[in-house]
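Work through the exercises below with the sequence and the 3D view open. Each task is followed by a solution in steps.

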Amino acid sequence: MKKAAFKLQPVLELRRTQERAAAVAAAQAPGALAADVEASPALKPAFRTSIPDYTVRCRDGERVRLEIEPPDGEPFTRSVDLAPGRAAAVRLRFAEGTRRYRIRCLPEDFPNWRTHRYGTPQAGWYLVTPNKSEGAGYAAIFDSHGVPVWWIRRTPAPFAADLLPNGNLVWTNYVALSPVSDRFVEWTLAGRRKRSFGTVGPSTNQHDFQLLPNGNALMLTYPARDHVDLRAFGGPADATVLDGEIQEVDPTGKLVWRWSSRDHVKLAEADRWIRNQIAHPVIRKFDGTPVYDLVHINALEPNGSRLLFSARYLDAAYAIDRRSGAIRWKLGGTRTPRSLTIADDPLAKVDFGGPHDVRQPRPGLVTIYDNGALRDRDPRALAFRLDLAGRRAELVRDVRFPRVGRSVCCGSARLLPERNWVVSWGNTPWVTEQTWGGEPVLAIEFRPADDELASYRAVPVMPGTLTRDRLHTAMRAMYGG
C-alpha cells in the first residue's frame with residue numbers, strides 16, 4: 001500500500017502533488033466522483049466532494065474507522081478516537097486546491113433525521129429545536145445540505161430558539177402545555193450563558209422573544225383572571241381565565257410598556273376555542289379546576305409604531321398601535337369592526353385554525369403559518385398583500401407540503417429575501433425550504449415519526465450571517481478536539 005503523509009486525530013491529512021491531482025481531475029468525466037471517504041460507523045450523509053460536513057454515531061472512546069480513497073494514489077484506512085461533539089478532519093487536494101471535510105461524532109440521543117434535497121437552497125443554515133419532552137434536548141444548526149454542523153444539549157430541552165443580531169442564540173425551556181416557562185437566556189455559540197430576560201409580575205411565557213434595537217426585549221405572559229362568567233359558552237359562571245399580555249422590558253429588568261388583551265379583545269372573539277377547552281380542558285390548577293386560555297399569543301413582530309401578533313385561540317393576527325394600544329387591524333377570526341376582508345382565498349369563509357408566526361417580511365406583505373387546527377384541513381404557509389385603505393387582505397400565496405398531514409399546533413413560515421419559504425410544519429417531523437410557488441428545495445424529516453419529534457419553529461439564517469469556521473470553533477470550545 002502506498003504511504004501517505006497524515007497527522008493523527010483529530011486531523012487526518014492526505015497530501016499529493018498538485019500536478020498529479022490535476023492529471024487525475026482532467027481524466028475524469030464531468031460530475032464524476034473525484035474521491036471517496038467511508039466510515040464505520042457509517043457517515044451521514046454519504047460522502048460527496050461538494051458536502052463539507054458529516055456525522056457518525058459513536059460513543060465516548062469508540063474508534064471510528066475511516067477508509068479514504070484519494071483522487072490520486074491508493075486507498076488507505078485509519079482509525080481515530082472520537083467522543084460526542086468531537087471531529088476528525090480529512091484534507092483532500094484537488095486540481096483547484098485543497099478541501100477540508102469534517103466528520104463529527106453525534107451523541108447517541110441526538111434526534112434521528114433524514115434529508116431530502118431537491119434543489120439549491122437560498123438559506124445558508126436552519127436553526128431548529130427538534131424536541132418532544134421536558135427532559136434533555138437539543139438546539140441545532142443544520143447546513144443547506146441538511147447536516148447538523150452545530151448543536152448543544154440542555155436539560156430541560158431548548159424551546160423557541162432564535163439567532164440574535166450579535167450572533168448569540170436565545171431560547172427558553174420546553175414546558176409542553178404549561179403557560180408558564182422559565183426566563184429566556186442568551187447563549188454564545190460556545191455554550192456560555194450571557195444574560196437572561198423575563199417578564200415583570202406574571203411568569204414569562206415561552207412562545208416568543210424579540211430583542212429591539214434599543215436593547216429592550218418584547219416578551220409574553222399569560223396573567224390569570226378570576227371570576228369570569230363563561231355560561232354563554234357552556235362553561236362555569238365563575239371561571240379562571242388567562243389573558244394575553246405583551247411586555248417591553250429594558251436591560252435592567254424594568255417594565256417600560258405593556259399591552260393586555262383584557263382591555264381590547266372581547267370574550268366572543270375566542271368563542272370557538274373557549275367551547276373546545278370547556279369540552280376538553282387542557283390547563284388545570286393544582287386542585288384540578290380547569291383554567292381557560294382565552295388568547296394564546298404565540299408570535300410578536302415589531303413594525304415601526306405598530307406591533308403585530310398572532311393568537312392561536314383567536315384564530316387571527318392583529319396589528320396594534322404601540323402608543324395608544326388600539327387595534328388597527330385584525331386578520332382572520334371572529335369579525336369585528338377592525339377586521340380586514342380576506343380576498344382570493346377559497347377557505348376565507350372558515351379562515352385560520354390556530355395560526356402561528358405572523359411576520360411582515362416587507363412593507364404591505366404579511367405571512368402566517370396556519371395550522372388549520374380543528375378545521376379538518378392540512379396546514380398552509382400564507383402570504384397576504386394588505387390594502388389598509390380598502391380594509392382588504394389579498395391572499396397572494398398558499399404553500400403546502402403534502403407529506404405533512406395534519407398539524408394541530410405550533411409551526412412557523414418565514415419568507416426569505418429571494419422569496420423561498422422556510423417552514424416548520426407544526427407538531428410534525430418536517431422542516432422544509434420551498435420555492436415561492438411551493439416546490440420543495442430541501443426537506444429535513446425527523447425520524448421515526450412516532451417519536452413525535454418536532455421543532456416549534458425553524459429559523460432560516462442567510463449565507464454570510466454565520467460561517468462554518470465559527471461553528472466549528474464553537475464546537476471545539478464546547479467539546480474539545
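**Exercise 1.** How many positive and how many negative side chains does the chain have, and how far apart do the centres of the two sets lie?

*Solution.* Step 1: count Lys and Arg as positive and Asp and Glu as negative, leaving out His and the chain ends. Step 2: place each charge at NZ of Lys, CZ of Arg, CG of Asp or CD of Glu. Step 3: the chain has 68 positive and 54 negative side chains, with centres 3 Å apart.

The model is predicted; local features need pLDDT of at least 70, side-chain atom pairs count only at pLDDT 80 or more, and totals for chains, interfaces and linings use all residues. Residues are numbered from 1 along each chain as its sequence is written, and side-chain values use heavy atoms, without hydrogens and water.

**Exercise 2.** Locate Thr-199 and state whether it is buried or exposed.

*Solution.* Step 1: Thr-199 is in the loop that joins strand 15 (193-197) to strand 16 (204-211); strands are DSSP runs of E, at least two residues, numbered from the N terminus. Step 2: the relative accessible area of Thr-199 is 12%. Step 3: buried means under 20% (1.4 Å probe, protein chains only), so Thr-199 is buried.

**Exercise 3.** Which residues surround Thr-199?

*Solution.* Step 1: take contact as heavy atoms within 4.5 Å. Step 2: leaving aside neighbours within four places in sequence, Thr-199 touches Thr-204, Met-219, Leu-220, Thr-221, Gln-247 and Val-249. Step 3: a polar atom of the Thr-199 side chain also lies 2.8 Å from the backbone oxygen of Pro-202.

**Exercise 4.** What share of the chain is buried?

*Solution.* Buried residues make up 56% of the 481 residues.

Conventions: Helix = DSSP H or I, 4+ residues; strand = E, 2+ residues; numbered from the N terminus. Buried < 20%, exposed > 50% of the residue type's maximum accessible area, 1.4 Å probe, protein only. Polar contact = N/O pair within 3.5 Å; in protein donor to acceptor, adjacent residues only side chain to side chain.
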